[in-house]
Amino acid sequence: MNLLLLHPHELAPDGTAVLTDRRLAHARDVLRVGEGDTVRVGVKFGAVGTAEILASSPTALTLRCSLFEPPPPRPGIDLVLAVPRPKALRRVIPAVASLGVDRLVLLNATKVEKSYFDAKVLTAEALDALAELGLEQARDTVPPRIEVRPRFRPFVEDELDAFFPQGALRLVPDPSATEVARAMPADARLVIAVGPDGGWTPFELDLLARRGFMPVQLGPRVLRGEVAVPAVIGALRPTLAQGAGGAARPTAR
C-alpha cells in the first residue's frame, strides 16, 4: 500500500479523518507509524497529498490531511476483458486499476465458464474493493468504471460503440496476428479486447473486427488473460512499466 485511500465522506471539513479498518492495521503493523509521522494519502476521485498522524491507538488512527496534487495522469486506455477464473479476476482488477484503465467491461465469451458469473467477486462491492487495492498501490484515486455484460454479441453489436470514444484505436491480442503490438503515441486513445484462456473464437474475432478491432500479437507465447492484460498494456504504453514505484515509507516530523 503506497497510499492510504480515503472516501470523501471520511474527510471532515477541518481536513481530519479517522480510520478504523484494514487501513489502520496496515498503518500500524506495516508502515509502523505513530503520532507525528507523515503518510501519503488520497481521496477517492480527488487529490493526493500527505497526512500527519495526530493520534494512534489500537482501534483508531486520526489524520490531518493536506491534499495538494492531482492524481496521476490517465494513460488513455479502456479494456474489454473476457471474464477470467474468479481467482484470476481477483488479481486482474487491482492490476487494471493500478495501470490507470478508465473503463473496464467484463464480458462473456464462448470459452468463459458460465459459472463464473455467479461468483461473488463479480458483485459491485467486491469489484470496487479490489479496484481500491490497485489505487493504493499506484498512488491513484480514480478507479476504472467497471461494467459486467453476460452476453457477447448484444454488447459488441449494440453497446460497444456507445461505450468507447469515437476515434480510439481498437486492438485485440491474437497469437495468429501478423502485426506485433508496439508502443503507441501518448495521445492515442486505446481500446483493448483481451480474450479468455483459450482465446476468442473465430466468430468472436470476426465480430470484433467488424467493430474496428485490429489483431495484434505479443510474441510467440500464448498467455493467460491475467498475464496478457499487463503485457499488452505494457507493450502499448511502456512508460507505465517505467513508472512503477516502491513501497510507501512514513517520515518523521
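This is a predicted model: local features need pLDDT of at least 70, side-chain atom pairs count only at pLDDT 80 or more; totals for chains, interfaces and linings use all residues.

Q: In which loop is valine 112 found?
A: Valine 112 belongs to the loop between β7 (103-107) and α3.

Q: Which residues are in contact with valine 112, leaving aside its neighbours within four places in sequence?
A: A contact here is a pair of heavy atoms within 4.5 Å. With those neighbours left aside, valine 112 is in contact with Ala82, Val83, Leu107, Phe117 and Pro196.

Q: How are the C-alpha atoms of valine 112 and glutamate 35 placed, and what separation do they have?
A: Valine 112 and glutamate 35 are 77 residues apart along the chain, and 50 Å separates their C-alpha atoms. For the whole chain, the C-alpha atoms fill a box of roughly 60 × 40 × 35 Å along the principal axes.

Q: How many helices and strands are in the protein chain?
A: The protein chain has seven helices and eleven strands. Its radius of gyration is 20 Å, close to the 18 Å from the globule rule for 253 residues, so the chain is as compact as a globular protein of that length.

Q: What percentage of the residues is buried?
A: A residue counts as buried when its relative accessible area is under 20%. Buried residues make up 46% of the 253 in the protein chain. The chain exposes about 12,400 Å², and carbon and sulfur atoms supply 54% of that area.

Q: What do the contacts say about separation along the sequence?
A: Take the contacts between residues at least 6 apart in sequence: 71% of them join residues at least 24 apart.

Q: How far apart are the mean positions of the positive and negative charges?
A: The protein chain has 31 positive and 29 negative charges, and their mean positions are 4 Å apart.

Q: What is the general idea behind reading phi?
A: Most residues other than glycine have a negative phi.

Q: Where is arginine 32, and is it buried or exposed?
A: Arginine 32 lies in the loop between α1 (22-31) and β3 (38-43). Its relative accessibility is 64%, so it counts as exposed.

Q: Where is arginine 139 found?
A: Arginine 139 is in the loop between α3 and β8. With a relative accessible area of 30%, arginine 139 is partly exposed. From arginine 139 to serine 66 the C-alpha distance is 15 Å, and the two residues are 73 apart in sequence.

Q: Is aspartate 140 buried or exposed?
A: Aspartate 140 is buried, because its relative accessible area is 3%. Aspartate 140 lies in the loop between α3 (124-138) and β8 (145-149).

Q: What does the side chain of aspartate 140 reach, and which residues does aspartate 140 touch?
A: The side chain of aspartate 140 reaches the backbone nitrogen of valine 142 at 3.3 Å. Not counting residues up to four places away in sequence, aspartate 140 touches Leu3, Leu5, Pro71, Pro72, Arg74, Ala97 and Leu135.

Note on methods:
Residues are numbered from 1 along each chain as its sequence is written. Side-chain values use heavy atoms; hydrogens and water are left out. Helices (H or I, at least four residues) and strands (E, at least two) are DSSP runs, numbered from the N terminus. The radius of gyration is taken over C-alpha atoms; the globule rule is 2.2 Å times the number of residues to the power 0.38. Buried means under 20% relative accessible area, exposed over 50%, partly exposed in between (1.4 Å probe, protein chains only). Accessible areas come from the Shrake-Rupley method with a 1.4 Å probe; for residues, only the protein chains shown count as cover. Lys and Arg count as positive and Asp and Glu as negative; His and the chain ends are not counted. The place of a charge is taken as NZ of Lys, CZ of Arg, CG of Asp or CD of Glu. A polar contact is a pair of N or O atoms within 3.5 Å; within protein, one must be able to donate a hydrogen and the other to accept it, and residues adjacent in sequence count only if both atoms are side-chain atoms.
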